[in-house]
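Open the model in your viewer and follow the stops below. Each one says what to select and what to look for there.

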Amino acid sequence: MISMSDEVRKFRVVRIDSDIFTIDDGTAEYNLRARKSIRKTTDIRVGDFVTVSADDNPVIESVLPRKNFLIRPAVANVDTVIIVVAPHPEPDFITADKLVVNCRLAGISPVICVNKNDIPFDLDEVTAQYGDFADGVISCSAAGRDVRALEKILFGKLSALAGQSAVGKSSLVNALTGLSRETGDLSAIGRGKNTTTRAEIVRLRRGTYIIDTPGFSMLDMHGADARGLANIYGYSRFSDGCRFGGGCTHTAEPDCAVRAAASRGETSEARYVRYVRLYRELSSLKKYGR
């Protein structure tokens, strides 16, 4: 039974199973449904704060305003998204870039986490690509229980793990919590197999929460604009050197300072190539009204 005071109590949604919502007040969890009017008008997400009716059969009666949200993974009120990559499966840096872009647009801090650091991998190259794009690059090993760098990032916040299947997100949760959540291996053709089928918040300690999310291979950039993409990628600092200044798209124009900087190694060339690809993708969507 949920104990209620005279004041309205705020609960966080930590898990959703069809029409059953698991809510947390910081000390205990409860399962209940939402009022029908709320279900019809509001897409309740893991991470949402809700109020509950104070009666014998409590239901969620309102969803409080969000400070931010992501469409994929479908989470709300997140402080940090930990974008997990690993040597195997082969990193999908396009998806990682899209996650960084979506986080920037939502006002969420993105951090790159290289898991499986017991396998040879060029961490310096990942740092070169994301050191001035994300808000940090860290290295961990879920298998080796080497998660100290990740614990520092997570402390006192609600963070979501996101990324491809089989990069070890659930294994990292296990290493952090001592739980034994199901984990997946690579398929015979080297693709990740999803074992996490829903976003779920796990309490690490009071005030520190982590969301394990399903892996994915396809991701859209919601609300992104081709012309604003250069600012998110940090290319505005080069614009004064472009022949066309602030009007340069940094894709095909002559005397582009960004392209020149990438070719000289002053900014990551691999990231620049992905920027051009995503710019054209966004331009194409706008052209065809999608």
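Select Arg15 first: at 15% relative accessibility, this residue counts as buried, because the cut-off for buried is under 20%. Keep in mind that this is a predicted model. Arg15 sits in strand S1, residues 10-17. Now show its side chain together with that of Glu200. The two side chains make a polar contact at 2.9 Å. Next, display the surroundings. Leaving out residues up to four places away in sequence, Arg15 touches Ile20, Phe21, Thr22, Glu29, Asn31, Val46, Arg198, Ala199 and Glu200.

Move on to Gln164. Look for this residue in the loop between strand S11 (158-163) and helix H5 (169-177). Is Gln164 buried or exposed? Its relative accessible area is 12%, so Gln164 is buried. The side chain of Gln164 reaches the backbone oxygen of Glu90 at 3.2 Å. The Gln164 side chain also reaches the backbone nitrogen of Asp92, at 2.9 Å.

Last stop: a helix pair. Select helix H2 (residues 93-106) and helix H3 (residues 123-130), whose axes come within 12 Å and cross at roughly 40°. The crossing of H2 past H3 is right-handed. Show side chains on both helices. From H2, the contact is made by Phe93, Ala96, Asp97 and Val100; from H3, by Val126, Gln129 and Tyr130. Colour the residues of this H2–H3 contact by type: 5 are nonpolar, 1 is polar and 1 is charged.

Key
Residues are numbered from 1 along each chain as its sequence is written. This is a predicted model: local features need pLDDT of at least 70, side-chain atom pairs count only at pLDDT 80 or more; totals for chains, interfaces and linings use all residues. Side-chain values use heavy atoms; hydrogens and water are left out. Helices (H or I, at least four residues) and strands (E, at least two) are DSSP runs, numbered from the N terminus. Buried means under 20% relative accessible area, exposed over 50%, partly exposed in between (1.4 Å probe, protein chains only). A polar contact is a pair of N or O atoms within 3.5 Å; within protein, one must be able to donate a hydrogen and the other to accept it, and residues adjacent in sequence count only if both atoms are side-chain atoms. Contact means heavy atoms within 4.5 Å. Axes are lines fitted to C-alpha atoms, for helices over the stretch in contact, and angles run from 0 to 180 degrees between N-to-C directions. A crossing is left-handed if the near helix is turned anticlockwise from the far one by less than a right angle, and right-handed if clockwise. Ala, Val, Leu, Ile, Met, Phe, Trp, Tyr, Cys and Pro count as nonpolar, Asp, Glu, Lys and Arg as charged, and the others, Gly among them, as polar.
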